[in-house]
Amino acid sequence: MANLEILVSKLPTLIQNLKLTIGDSNQIMEQIILINNAQEQLRSIKKIIAQELRFERTKNSAIATLPPLSAAATLFIPNLGLVDPAIAEKFGNSETKISLTDLQSKIDDWIEWGYFLQAIAADILSDIQLVNQLNSDILNLSISNEFQTFNDSLKIDLALAKSNILKHQIEKIGDSQTQLLQLQQKLNYIFDTIKNSRSLLNILLGVSAFYGKSGFALEWLDDDHELIISSEGKFQELTDILNDCDSFQEQIAALIIRGNTLTQQGEQALKNIEQESSREATSSQEVGILTKFSTPKIIRSALIITSSLLILTFAGLKIREQSLSLTQEGSAIVNFKSAQKLGMEAASLVQKPPHPLKVWQQAETKWYQAIILLDNIPAKTSVYDRAKKKLAYYQINYESISQRVLIENKAVGNLELAHKLATEANLVVKNSPHSRLSRQQAQNKWRQAINLLEAIPESTSVFVQAKEMLSIYKTNYAGTNQQS
């Protein structure tokens with residue numbers, strides 16, 4: 001028993017090694033070695049337990065139990081210090097005695113978990129593209145840190161009286177909003193990848209993009225066999241990450257609204273400064289003209305008339321040019337703000353998918369309208385450069401939403417056609433209940449309806465309805481098949 005107690009005292013270290021940190025490929029190789037060593041020592045403990053149990057059976061005594069706290073079987077929990085509730089099951093209960101049989105079973109679970117981690121590690125290392133993507137992700141900020149950076153960047157006190165500083169601040173706000181839209185797209189990718197992927201490796205790509213350089217480790221499986229993941233001391237299930245994605249989307253939408261408000265305040269302040277400068281310049285020009293014409297000169301009357309006409313003609317042209325320029329500038333600013341508003345509305349519409357087809361179409365229309373407004377902003381206006389930057393991202397968003405419209409539209413079409421086929425199948429059987437040909441026709445229609453429903457993606461708004469219908473249709477198909 002003394003040897004067993006010594007080995008069991010090593011359990012804290014062994015169990016802590018039974019996790020896989022996803023990231024650099026060299027580190028993964030090192031972890032595989034640690035997992036192998038932990039499994040070997042666990043097998044040694046299991047072997048000694050088996051010997052102890054055989055010895056006890058030969059003595060016809062009850063199954064031995066390890067004493068509390070001071071003895072081997074209960075030493076591993078206290079030595080770990082505080083254990084997060086999410087992975088408490090991984091280490092067992094430190095407050096009760098544990099029988100040798102139960103400890104043996106627990107060791108089997110740990111060894112099996114080690115095999116699972118080794119299999120994942122092998123799959124990762126055999127996929128060069130996956131390794132490259134993971135190595136790329138660890139160079140980027142985590143979603144949490146990236147969001148915090150943008151949140152801090154929009155805590156701006158506008159220099160309302162200083163045009164140069166104000167222009168720089170407005171440009172900085174515009175850049176932050178563009179990057180926030182990129183972050184929204186990244187969150188959509190993470191959410192869709194984790195929620196809809198059937199491959200664990202693809203899911204890990206989504207998780208990797210979420211945590212970035214913060215890194216993450218596979219810790220354990222909960223009672224529902226859902227992965228428990230740790231990062232920077234925080235333990236989460238995949239469902240928790242999806243919930244975080246939703247939360248960040250809402251906060252990003254709020255930040256974009258804050259950016260729009262700051263931009264409007266800044267642009268209005270710039271407009272006020274420009275109007276004040278224009279009034280001062282006009283006053284100075286009028287004083288200069290009065291001074292010039294008050295100076296006595298001897299000029300021929302014909303020359304005076306001709307010069308006056310030329311001055312008036314030139315002045316008229318300049319006024320028209322200035323008027324046109326001011327009209328273009330004002331129109332460009334209005335169009336830019338309207339495009340921003342449409343983009344914000346479109347982004348808000350598609351939060352927390354899935355959505356009905358109508359919602360995707362509304363968002364698609366708003367992105368398209370925003371693109372048209374931005375594309376028509378003249379090159380010589382103050383908002384042209386910002387408009388071009390936004391235009392590129394709006395076009396990406398429009399294309400993405402257009403794809404969702406196509407997917408949703410096809411899903412709705414599949415659902416409606418499946419319902420039509422099911423109705424026809426029922427009518428065929430009802431009209432000729434004893435006809436073999438009728439049953440075969442009905443069976444074909446049920447099969448077509450089932451195929452249509454099975455093709456509906458989980459990401460669509462009609463998936464739940466399709467799933468419910470699918471169960472009924474399969475039952476009806478089976479019944480028709482038996483009759484035939």
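Two strands count as paired here if DSSP finds at least two bridges between them. Helices (H or I, at least four residues) and strands (E, at least two) are themselves DSSP runs, numbered from the N terminus. The model is a predicted one, so to speak of local features takes a pLDDT of at least 70 and side-chain atom pairs count only at pLDDT 80 or more, while totals for chains, interfaces and linings use all residues. Residues are numbered from 1 along each chain as its sequence is written, and side-chain values use heavy atoms, with hydrogens and water left out.

Strand 1 and strand 2 (residues 216–221) run antiparallel and are joined by three bridges.

Contact, throughout, means heavy atoms within 4.5 Å.

Helix 6 (residues 100–125) also holds Gln 118. This residue counts as buried because its relative accessibility is 17%; the cut-offs are under 20% relative accessible area for buried, over 50% for exposed, and partly exposed in between (1.4 Å probe, protein chains only). Setting aside neighbours within four places in sequence, Gln 118 is in contact with Ile 32, Ile 35, Asn 36 and Gln 39.

Next comes the nonpolar core, meaning a set of buried Ala, Val, Leu, Ile, Met, Phe, Trp, Tyr and Cys residues joined through side-chain atoms within 4.5 Å. The largest one has 113 residues, and those touching the most other members are Leu 11, Ile 124, Val 207, Leu 218, Leu 453 and Tyr 473. Helix 14 (residues 384–431) gives the most to this core, with 13 residues. As for Val 207, its contacts are Ile 194, Phe 216, Ile 229, Leu 238 and Ile 241, not counting residues up to four places away in sequence.

Salt bridges (a side-chain nitrogen of Lys or Arg within 4 Å of a carboxyl oxygen of Asp or Glu) number 15 in the structure. One of them brings together the side chains of Lys 19 and Glu 219, at 3.9 Å from N to O. Lys 19 is in the loop between helix 2 (11–16) and strand 1, Glu 219 is in strand 2, and the two are 200 residues apart. Lys 19 is partly exposed at 31% relative accessibility, whereas Glu 219 is buried at 5%.

Another salt bridge joins Glu 267 and Arg 386, with the closest N and O atoms 3.2 Å apart. Glu 267 belongs to helix 11 (residues 238–294) and Arg 386 to helix 14, so the pair ties together parts 119 residues apart in sequence.
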